[in-house]
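Here are my notes on this model, in numbered points. Please read them with the coordinates open.

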Amino acid sequence: MNRFLEIFMKFLFFLAACTSVMAVALICIFLFANGIPAMKEIGLWNFLSGTVWKPTNGYFGILSFIMGSIYVTAGAILVGVPIGLLTSVFMAYYCPKKIYTICKTAINLMAGIPSVVYGFFGLVCIVPMMRDLTGKDGSTMLTASLLLGIMILPTIVSVCEAAIRSVPEPYYEGALALGATKERSVFATVLPAAKSGIVAGIVLGIGRAIGETMAVVMVAGNQPRMPKGLLKGVRTLTSNIVLEMGYAADLHREALIATGVVLFVFILIINICVSLLKRRSDYES
Amino acid sequence: MKASLLEARRHPFSFLVKMLVYLAAVVTIGVLLYMIGFIVVKGAPHITPDLFAWEYTSENSSLMPALINTVIMTVLCLLIAVPLGIGAAIYLVEYAKRGSKLVKVIRMTAETLSGIPSIIYGLFGYLCFSTAMHWGYSLLSGILTLVIMILPLIIRTTEEALIAVPDMYREASFGLGAGKLRTIFRIILPAAVPGILSGVILSIGRIVGETAALIYTAGTVAQVPESLMKSGRTLALHMYSLSREGLHMDEAYATALVLLILVVCINGVSDLIAKKLEKTG
């Protein structure tokens, strides 16, 4: 009896372990099975390189959304990476012990705030601010980039801090002993040594930014056209899905799912990059 | 002061970099404080008894049904995901041979799952549960979607907690004649509880804050549904709908504040547990 129970439970644990494999398989099957027919019908090239999105007239081109996603993400990286990286240096080397726990709690809290709250904050605070500053519509690519830049800060700070802390102490001390200033020791010896960890953090941030949906929908303007400038509205891949899925039917609906497939492929590529980088930084340390 | 001035003159570039580092930290913490302050100042005056009325009407835009839905959803999600996640982690740590192909595949898929954005989960949930299973917009679709979403988080944290249990415990238990199952349930799991708990609390945070994965699975009906097969929105979705409609901005501020308080509490509890872990471990 006991023997049977042991084997039975082992089997049960095994099944539980397989759920994640099953989940990934199911996600792939459902997305691809529902998205690829639409790509075929529209034509893969037309779908990916078309700049006109008029579902009622049968135009399904998502290049403008792809570009929108890329631009907004690039903007978020430009905002988030310098601030995040410098903050992580602060956390690892400059932060007085007394306020360290407070700072760490704050970063954790920032990571825990739901994206809809960020979006709301963007909508009621950053958008009006931008409107006053530029005198035009406030829901722009710039607003979205700023907000996303803020949202990816905690990811970048915690991953980069961990990478910086994993650099052996002698690197830093050696540089100090050679007469370099503290800043020079940190920036010229420690940071290069933590390079792959930092890059992994940045790529993780890119993944977050490209996949973010609700916050972007609320501040980016969502005009379905090619992005025309920093102070114009954009629509990203994610917001395209969320905005139109509610009422879409037939080919339109399938085209939206195909948009999800494109996003999914982007994310898979980014994931592979992250795990490659992680492996490298493990290897180095 | 004088020393720092001297330092600035001798190494102007270093000084500049130092200032930038401090500036960045101030900006990061400042943005957070500003955001919290903004929402507290604008939201606090609008927290009224009306907001917590049992029934939602378009006048009071009460958040109570949404709050109840959130609690139902969180509890049911955890009921499914926690046993699954712990079981998976037990298999990976206690049973599987180290470095076997299967373990590698499972770990890779769990990693992939944790990198997928929530809108993809939402899309999948919509296609699989709402459409293919014909469950429509329902709590059940939302719950299952979220289960898949938080599973990797629970697997990873439980795995780490199990690995952290010293092998001595296992050997001592086997030495006393206990079977593998008994060792796991009586010795290893109790020792790993704090680690597992912190993962569970993190997942609660994700469930409470999730919007994109729920909008086309659980739907946006602002009432407590009579059954699992009916649609009902959670607090985060409620907040999204309010701010999209733009008619009840005051209530939206108050809802944001409630959501923020919830998240702060969840984070506080997980910090407490983490501290306890550090002390005992």
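1. Domain bounds here come from an automatic or database domain assignment. On that basis chain B splits into domain 1 (2-46) and domain 2 (50-280). Chain A splits into domain 1 (2-48) and domain 2 (62-284).

2. Some ground rules. This is a predicted model, where local features need pLDDT of at least 70 and side-chain atom pairs count only at pLDDT 80 or more, while totals for chains, interfaces and linings use all residues. Residues are numbered from 1 along each chain as its sequence is written, chains are lettered from A and ligands numbered from 1 in the order in which they are written, and side-chain values use heavy atoms, with hydrogens and water left out.

3. Overall make-up of chain A. Chain A has 12 helices and 2 strands; helices (H or I, at least four residues) and strands (E, at least two) are DSSP runs, numbered from the N terminus. The order from the N terminus is α-α-β-β-α-α-α-α-α-α-α-α-α-α. The C-alpha atoms of chain A fill a box of roughly 75 × 70 × 30 Å along the principal axes. Of its 285 residues, 53% are buried, where buried means under 20% relative accessible area, exposed over 50%, and partly exposed in between (1.4 Å probe, protein chains only). Take the contacts in chain A with a separation of 6 or more: 72% are between residues 24 or more positions apart. Contact means heavy atoms within 4.5 Å.

4. The interface between the chains. It takes 75 residues of chain B and 71 residues of chain A. The buried area is about 6,500 Å², with 81% from carbon and sulfur atoms. Buried area is the accessible area (1.4 Å probe) that two parts lose on being put together, summed over both. There are 0 salt bridges between chain B and chain A; a salt bridge is a side-chain nitrogen of Lys or Arg within 4 Å of a carboxyl oxygen of Asp or Glu. Polar contacts number 11 residue pairs (both at pLDDT 80 or more). A polar contact is a pair of N or O atoms within 3.5 Å; within protein, one must be able to donate a hydrogen and the other to accept it, and residues adjacent in sequence count only if both atoms are side-chain atoms.

5. Which helix of chain B gives the largest share of the side that touches chain A? Helix 2 of chain B does, with 18 residues. By class, that side of chain B has 56 nonpolar, 13 polar and 6 charged residues. Ala, Val, Leu, Ile, Met, Phe, Trp, Tyr, Cys and Pro count as nonpolar, Asp, Glu, Lys and Arg as charged, and the others, Gly among them, as polar.

6. The C-alpha centres of domain 1 and domain 2 of chain A are 28 Å apart. About 1,200 Å² is buried between these domains of chain A, 81% of it from carbon and sulfur atoms. A:Leu31, A:Phe47 and A:Leu48 give 42% of the area that domain 1 of chain A buries there, more than any other three residues. The count is 0 salt bridges and 1 residue pair in polar contact (both at pLDDT 80 or more).

7. Domain packing in chain B. Here the C-alpha centres of domain 1 and domain 2 lie 35 Å apart. The contact takes 8 residues from domain 1 of chain B and 7 from domain 2 of chain B. The two domains of chain B bury about 690 Å² between them, 82% of it on carbon and sulfur atoms. The count is 0 salt bridges and 0 residue pairs in polar contact (both at pLDDT 80 or more).

8. Salt bridges in chain A. The count over all chains is 7. A:Arg165 pairs with A:Glu161, with the closest N and O atoms 2.9 Å apart. They sit 4 residues apart in helix 6 (residues 141-165) of chain A, so about one helical turn separates them. A:Glu161 is buried at 3% relative accessibility, whereas A:Arg165 is partly exposed at 47%. A:Lys104, A:Glu161 and A:Arg165 are linked in a network of salt bridges.

9. Salt bridges in chain B. B:Glu94 and B:Arg170 meet at 2.8 Å, N to O. B:Glu94 lies in helix 3 of chain B and B:Arg170 in helix 7 (residues 167-175) of chain B, so the pair ties together parts 76 residues apart in sequence. B:Glu94 is buried at 11% relative accessible area, and B:Arg170 is buried at 9%. B:Glu226 forms a salt bridge with B:Lys230 at 3.2 Å between the closest N and O atoms. B:Glu226 is exposed at 72%, while B:Lys230 is partly exposed at 41%.
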